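Let's take a walk through a protein assembly and see how its side chains meet. Keep the viewer open and look up each residue as it comes along.

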Amino acid sequence: MKSESGRLRGAKRELWLAWYVTVVFYGMYSVVFFGLSRTQPPGRPWLDPDQTVAWFADRHWGLLIGFGVIFVLGGFSAVALALITHSIRRMSVSPVFAYSYLILYAIAAIPGFMYICVAMTAGVMRPNRAPIAAQWLYDLGFLSFVGTMGVFLIGSLIWMIAVLIDDNRVFPKWFGYLNLVNALTEVVIAPSWIFQRGVLAYNGAIGFWVNVPVFGLYTGVFIYLLRDFIQREDFGTGPLPAPADVWRRARPAVEAVGA
Amino acid sequence: MNPSAEKRLAVALIVVVVVTLIYIVIDRSVDDHGVLGASTVASVAAITLALAKLRIIMREFMDVRHAPKILRTMTDALVIAMGIALLGTYLVGRAIA
Amino acid sequence: MGRLGARSAAAADVSTSRVGERIIYWTWVPLLVIWIASFLLFPGFIHPVSPRASAAEVAAFYRQDLSRVRYSMILFNWFGVALIPLVLLIAERMRAMAHRTPVLRYCVIGVAGGAPIVFLTSTVFWLLAAFRPDRSPDLTLLTNDLAWITFTCGVPFLVALFLFLALAIAWDDQVEPVFPRWVGRFNVAMALAVAPAGFAGLARSGMFAWDGVVSFWVKNIAFGLWVVVMAIALRPAMRHERHPIETTT
Amino acid sequence: MSMIEETTGRAEAADDEVERFPGDPDMWLFVVVESLVFTSYFCIYLYSRTQHERAFLEAQSALTMSLGIVDTIVLLTSSWTIACCVQHTNARRYETARWFALATVGLGAVFFVLKVAEWAHLIRDGHTFTSSDFMQHFFFLTSIHAIHLIIGFVVLGVLVRQLSGPHLRAHRTIETCSTYWHTVDLFWVVIFALLYIVR
């Protein structure tokens with residue numbers, strides 16, 4: 001087992017760095033949403049306008065600092081996508097799957113954090129805003145964050161098909177089926193657009209307490225499997241070639257993978 | 001497909017269908033002229049019969065009968081876990097309510 | 001695919017792909033002119049609308065400078081997204097870097113659309129606020145806030161893009177790297193320059209507020225500077241040949 | 001592959017002796033994980049109904065039990081046909097196996113049509129997704145099940161295709177597909193008991 005600094009100097013440094021950034025990014029994301037801003041578990045969807053104003057006032061600094069962190073670092077979500085895209089390119093499937101995955105999840109950044117960050121920041125910046133506008137921002141923040149399912153649904157299905165038909169065994173088949181489990185929870189979240197209370201609302205027993213653990217499990221599993229993928233990636237484990245001949249040696253490999 | 005396997009599948013189908021028909025009896029016995037009444041016995045029976053069918057389907061139709069021990073244990077554990085979860089939630093819920 | 005690849009390698013100098021890349025490259029000049037023009041045209045940019053302004057003041061601003069808000073933002077709506085081809089041109093040049101995997105290139109492609117979407121969204125809010133100047137001032141204030149927060153705090157894709165490029169350049173270990181080393185360090189500096197704007201929500205006055213020195217002037221000038229410097233650095237990189245003999249092996 | 005087929009050949013002779021995994025073990029992981037997810041939905045439903053017993057019983061009386069019974073028998077039979085399909089495949093009687101597979105598709109379609117008719121009937125009578133807590137659970141559970149069923153049609157499509165081409169017939173894939181289809185049946189058996197019978 002190589003030490004972590006060794007990994008970042010070795011031949012697979014690009015992959016290992018991407019993996020560590022992925023781990024740190026999801027860790028940061030959890031800390032901001034669950035800890036700092038306390039927007040997970042989500043607020044209650046049935047708050048009236050005045051209660052919304054109080055909700056914003058209650059977590060003033062947490063929201064501003066937490067979402068400030070996301071505003072600065074949110075773009076690093078692309079690192080996990082890049083690593084997964086690369087892993088799909090290593091499968092025996094058409095590159096269409098890899099590029100579809102990359103673009104689908106690149107778009108996912110907008111509902112995945114941009115909308116909620118903008119809406120919550122606007123909501124908390126002016127404590128004396130008209131309560132009805134505060135409620136509108138509250139709804140925009142939570143519903144866009146929780147209820148934008150399409151990119152994740154289609155993204156999971158694309159990944160599922162790629163894993164299931166891949167002959168190179170980049171990921172185990174059971175992970176393909178786990179993608180289906182995740183995709184189905186994206187379907188289950190849809191009623192959060194319809195119910196302001198109850199088990200299917202976005203803070204409900206099904207809407208949050210079943211779906212989010214499934215997503216957490218899925219994320220944990222793919223991070224683990226990506227690590228496994230990097231370990232098996234085979235282009236030598238020695239030191240990087242000397243700068244002079246790296247061009248000659250690395251070009252064909254990069255070409256083969258990246259073309 | 002040899003005759004004994006064929007027969008065995010047919011028997012399994014008859015058993016699960018008959019178990020399904022028992023539901024009609026349960027259903028009739030607790031209703032008061034079309035008005036539904038709460039009944040712990042009916043509910044527990046309904047859940048238990050469903051789990052029994054689950055096990056028959058897995059053992060016979062899904063061919064777990066011939067599977068390695070690990071799968072046989074796992075499927076049985078799944079049925080038991082579901083039973084504990086469903087009956088437990090129902091009974092605890094009724095006790096609280 | 002194979003035949004196409006062979007042809008472009010054989011006729012590398014005159015290939016249409018290189019002509020096309022040059023066309024996209026030179027869009028940076030008119031784009032920068034248009035961006036600066038829409039920046040100067042927008043009345044809220046020379047003296048940014050203060051986050052301390054009341055609903056009535058904000059509503060008055062949109063009534064007063066209606067035409068300039070509209071035309072400048074239509075212009076920005078058109079051309080803000082033109083950043084995408086430029087970033088993808090850089091991503092395409094990254095193929096020539098001595099990396100073992102395309103992961104960093106995928107990172108750049110992954111954020112290429114992000115910054116333009118942020119520009120686009122903010123223009124939608126500004127144009128929305130200007131569409132009905134007689135709308136209830138509370139709603140105009142809300143729309144105005146959304147525009148400014150999106151525009152000012154929406155730096156995550158720029159920060160990530162700059163740092164991905166910095167790392168890619170630092171790890172481009174070859175005799176003639178695609179970009180000189182200093183471009184990597186410059187990208188780190190620009191990432192640091194735009195990053196504080198992400199926290200603009202924290203301050204309603206002072207240099208960190210959205211009309212402040214750091215969140216407004218430093219951030220926007222840094223972005224403009226980045227376009228110019230990257231364009232200058234890209235010029236020799238455009239000529240950085242992919243050696244045909246090696247690519248065909 | 002060939003070893004598996006050999007052992008199945010012998011399994012025919014000595015029915016109860018040889019141990020082998022029915023289908024892809026990876027698919028069984030899906031069965032277990034998805035069962036646990038469903039169990040959590042079921043528990044949430046059961047708990048909600050014990051807390052509002054009257055209201056649930058009242059709304060529940062709108063359901064037609066006999067329709068549920070028919071649904072269940074149709075799906076159970078489809079499970080039997082697909083089990084027969086696998087048996088015939090392992091005995092290399094592909095043509096018969098294919099007919100059983102197509103019968104399964106037909107039974108699945110019957111179930112789906114019955115389900116849509118039931119939904120339409122309920123909605124016409126004013127019982128909708130949003131009309132009561134019971135109906136919310138009812139429509140949620142039946143439609144998430146129906147989505148599994150629709151995916152099941154895709155899976156059966158793969159299975160029929162495997163049986164159609166002589167060079168395709170991968171027994172492993174056929175068994176894996178049938179395992180998925182049984183899972184659709186398994187979930188319905190529990191959903192039926194919980195929605196129609198539990199009081």
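## A serine and its surroundings

In chain C, the side chain of C:Ser122 reaches over to the backbone oxygen of C:Phe119, at 2.7 Å. Keep in mind that this is a predicted model. C:Ser122 belongs to helix H9 of chain C, and with a relative accessible area of 0% the residue is buried. What does C:Ser122 touch, leaving aside its neighbours within four places in sequence? The contacts are C:Ala147, C:Thr150 and C:Phe151.

One of those contacts has a story of its own. C:Lys219 lies over the face of C:Phe151, at 4.3 Å from the ring centre.

## Rings that pair up

Over all chains, the structure holds 74 aromatic pairs. Take C:Phe45 and C:Trp126: their ring centres are 5.7 Å apart and their planes stand at 90°, so this pair counts as edge-to-face. The two residues come from distant parts of the chain, with C:Phe45 in helix H4 (residues 43–46) of chain C and C:Trp126 in helix H9 (residues 114–131) of chain C, 81 residues apart. Both C:Phe45 and C:Trp126 are buried.

Now hop over to chain D. The ring centres of D:Tyr45 and D:Phe56 are 6.2 Å apart, and their planes meet at 55°, so here the pair is tilted. D:Tyr45 sits in helix H2 (residues 25–51) of chain D and D:Phe56 in helix H3 (residues 53–60) of chain D, so the pair ties together parts that are 11 residues apart in sequence. D:Tyr45 and D:Phe56 are both buried as well.

How many salt bridges does a search of the whole structure find over all chains? The search turns up 21. Here are some of them:

| Salt bridge | N to O distance |
|---|---|
| C:Asp173 and A:Arg13 | 2.9 Å |
| B:Arg8 and B:Glu60 | 2.9 Å |
| B:Arg94 and D:Glu53 | 3.1 Å |
| B:Asp27 and D:Arg199 | 2.2 Å |

Let's start with the salt bridge between C:Asp173 and A:Arg13. C:Asp173 counts as partly exposed, at 23% relative accessibility, whereas A:Arg13 is buried, with a relative accessible area of 9%.

Next comes the salt bridge of B:Arg8 and B:Glu60. This pair links distant parts of the chain: B:Arg8 is in helix H1 of chain B and B:Glu60 in helix H2 of chain B, 52 residues apart. B:Arg8 is partly exposed at 35% relative accessibility, while B:Glu60 is buried, with a relative accessible area of 16%.

## Where chains B and D meet

Here, 53 residues of chain B are in contact with 52 residues of chain D. The area buried between chain B and chain D is about 4,800 Å², and carbon and sulfur atoms give 73% of that.

Between chain B and chain D there are four salt bridges and eight residue pairs in polar contact. On the side of chain B that touches chain D, H3(B) gives the most, with 15 residues.

One of the salt bridges here is formed by B:Arg94 and D:Glu53. B:Arg94 lies in helix H3 of chain B and D:Glu53 in helix H3 of chain D, so the pair joins two chains. B:Arg94 counts as partly exposed, at 26% relative accessibility.

Notes
Residues numbered from 1 in each chain as written. Chains lettered and ligands numbered in written order. Predicted model: local features only at pLDDT ≥ 70, side-chain atom pairs only at ≥ 80, totals over all residues. Heavy atoms only, no water. Phe/Tyr/Trp six-rings, centres within 6.5 Å; stacked < 30°, edge-to-face > 60°. Helix = DSSP H or I, 4+ residues; strand = E, 2+ residues; numbered from the N terminus. Buried < 20%, exposed > 50% of the residue type's maximum accessible area, 1.4 Å probe, protein only. Lys NZ or Arg CZ within 6 Å of the ring centre and 35° of its normal. Contact = heavy atoms within 4.5 Å. Buried area = accessible area lost by both parts, 1.4 Å probe. Salt bridge = Lys/Arg side-chain N within 4 Å of Asp/Glu carboxyl O. Polar contact = N/O pair within 3.5 Å; in protein donor to acceptor, adjacent residues only side chain to side chain.
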